[in-house]
Amino acid sequence: MGRDDTPRIPQLRLDELLEELQARIDTARGTRDRVHSLLEAVLLVGRELDLTQALRQIVESAAVLVDAKYAALGVIGPDGRSLSQFLTVGISEEEAVKIGPLPSGQGTLGELIRHPEPLRLSEISQSAASYGFPSNHPPMRTFLGVPVRVRDKVFGNLYLTDKRSGEDFDADDEAVISTLAVAAGVAIDNARLYQESQRQQLWLRASAEITRSLLSGSPRAQVVELIAQRAREITESELADVSVVATGAALRVELALGGDAAGRLGLTVPVEGTLSGAAYAAAAAVTSADIASDSRFPASPTRFERLGPAVAVPLSTATGQVSGTLLLERPAGHPEFTEQEIGPLLGFADQAALALELAERRSDAEQLAMLEDRDRIARDLHDLAIQRLFATGMTLQSAARLIEHQGAADRVTRAVADLDETIKIIRSTIFGLRAREDEGVQSLRSRASRAVGEAQAALGFPPRLSMEGLLDTDVPAQVADHVMAVLSEALSNAARHARAHRVEVSLRATGRDLLLTVTDDGVGFPAEGRRSGLRNLAERAEQLGGTMELESPEGGGTRLLWTVPLRTE
């Protein structure tokens, strides 16, 4: 009797059902694992409060969730049409250098910007918006793009290409990345709020620091430097320039930080055709996405090469008058200045301008108090010292006639002559103390002091000044004008070329000659340097019958000796 094969049919059906059940179990497990991975990614992204790190974490999590070989996050710029940031995963730094500039939002990437809806492609090259890839770019075939929204506004887009399995991106991949994009929007919003609060605290600390500096009596140049330094640090800028009004149609760079600061210091910036000039004219913040190539500002100097985003804000006084501008510039490729950054910056600039105005008012008050004190000293010298010296001289003259010893009589006569000379010196001092700029009378002493004080901004430190002799009585007005021209040129040369840490100025009237000496500890005067300025100084000396010499002291640096006669024999 043969075997009965009838039971084999139900057995085969059971195997099929078991296989189907196993497949569904595997699918459920895969779905469970993907959900767990998604939850972990959401938690990981949500914990990050640093915006840059949060963006990086979003890109990396997206690539892991759908097993993509390449992933990127493009941040849409303020214009709403291009990408201001582009973070990638899967492309090495060497490959990025070979590829060249990062995408700006054209082609397939731009399609997602123009139509912020999920986009899946089996072949990127078959897309009507595709421009192709640049040279040295790795080949990419499949594509998945999902917008990232922050409070109903599109912040940027997630781009993923080429699953490692070689399959196309499916609806499940789209759902997972769309869910991550929602969580990413919340995380980005939280990171931005945290970043803004942190930045606001930094602005408040900087404002308090400036106020303390002013109350402690710090000079204006030091306060200006503090303002520029804190603004540069908080906005993560590479360069910071503070410009003040030079003439009606130009600004002058009073302080420069970062880069070639020495080359920018003292530059005259036209109002027309420059970012700083635009902010000054409009009395409002003006930005540029790329200052090096911005056609709106053709007069901007070449110092902006290799730089990118920039912003200029006015320094407005309490009366609304713009006294200068603060210019900040970031390296090329860095994010543009946003409204969230510019708002606090404007508030800081207004407070800084008010602080500077208060400093100037305080300086004016101190100057007035000093002038009043000088008046008192001058009266005391005239009413007390000179009268007593004059009386002493008269007494000695009378006594000299009664002295029979010739040697003693000669010594008394010389003492009387010394007293006369002392009276002349005191009278010269009184004349200098009573000089008033508002009366149109400027003594050589006050003019030299002002010129040396103004040179501090260009040099970065205060020069040392010493003055001797009857500078305000023995030096004719024409000679004084030449002296000031020579002194200004010498200080300017030291600021532009010497790279010095110390500058000393000596102005001395001997009665016969006037000697001006300017010494610095810089690099010395180069043999191939420009000589036109020195020729002008020498010609001024020759016109007055004097000489000019340029020396190199033993310790290094340069010493300028400019001598002219005060009396002709």
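This is a predicted model: local features need pLDDT of at least 70, side-chain atom pairs count only at pLDDT 80 or more; totals for chains, interfaces and linings use all residues.

Now the overall picture. The protein has 13 helices and 16 strands. It runs to 569 residues, and 39% of them are buried. The accessible surface is about 31800 Å². Carbon and sulfur atoms account for 51% of that surface. What about contacts along the chain? Take contacts between residues at least 6 apart in sequence: 60% of these join residues at least 24 apart.

Helix H2 covers residues 51–65. Helix H5 covers residues 171–215. Their axes are 9 Å apart, and the packing angle is about 170°. Angles over 145 degrees count as roughly antiparallel, so H2 is roughly antiparallel to H5.

Who makes the contact? From H2 we have Leu51, Ala54, Leu55, Ile58, Ser61, Ala62 and Leu65. From H5 come Val176, Ile177, Leu180, Ala184, Ile188, Ala191, Arg192 and Gln195. By class, that contact between H2 and H5 splits into 12 nonpolar, 2 polar and 1 charged.

Is Gln57 buried or exposed? Its relative accessible area is 19%. The cut-off for buried is under 20%, so Gln57 counts as buried. Now look across to Ala184, one of the H5 contact residues. Gln57 and Ala184 sit 127 residues apart in sequence. In space, their C-alpha atoms are 9.4 Å apart.

H11 is residues 444–459, and H12 is residues 477–498. How do their axes meet? They come within 10 Å and cross at roughly 15°. The parallel class takes angles under 35 degrees, so H11 and H12 are roughly parallel to each other. The crossing of H11 past H12 is right-handed.

On the H11 side, the contact residues are Leu444, Arg447, Ala448, Ala451, Val452, Ala455, Ala458 and Leu459. Facing them in H12 are Ala480, Asp481, Val483, Met484, Leu487, Leu491, Ala494 and Ala495. Here the count is 14 nonpolar, no polar and 2 charged.

To recap the two pairs. H2 and H5 are roughly antiparallel. H11 and H12 are roughly parallel. That's my tour.

Methods:
Residues are numbered from 1 along each chain as its sequence is written. Side-chain values use heavy atoms; hydrogens and water are left out. Axes are lines fitted to C-alpha atoms, for helices over the stretch in contact, and angles run from 0 to 180 degrees between N-to-C directions. Helices (H or I, at least four residues) and strands (E, at least two) are DSSP runs, numbered from the N terminus. Angles under 35 degrees count as roughly parallel, over 145 as roughly antiparallel, 65 to 115 as roughly perpendicular and the rest as oblique. A crossing is left-handed if the near helix is turned anticlockwise from the far one by less than a right angle, and right-handed if clockwise. Contact means heavy atoms within 4.5 Å. Ala, Val, Leu, Ile, Met, Phe, Trp, Tyr, Cys and Pro count as nonpolar, Asp, Glu, Lys and Arg as charged, and the others, Gly among them, as polar. Buried means under 20% relative accessible area, exposed over 50%, partly exposed in between (1.4 Å probe, protein chains only). Accessible areas come from the Shrake-Rupley method with a 1.4 Å probe; for residues, only the protein chains shown count as cover.
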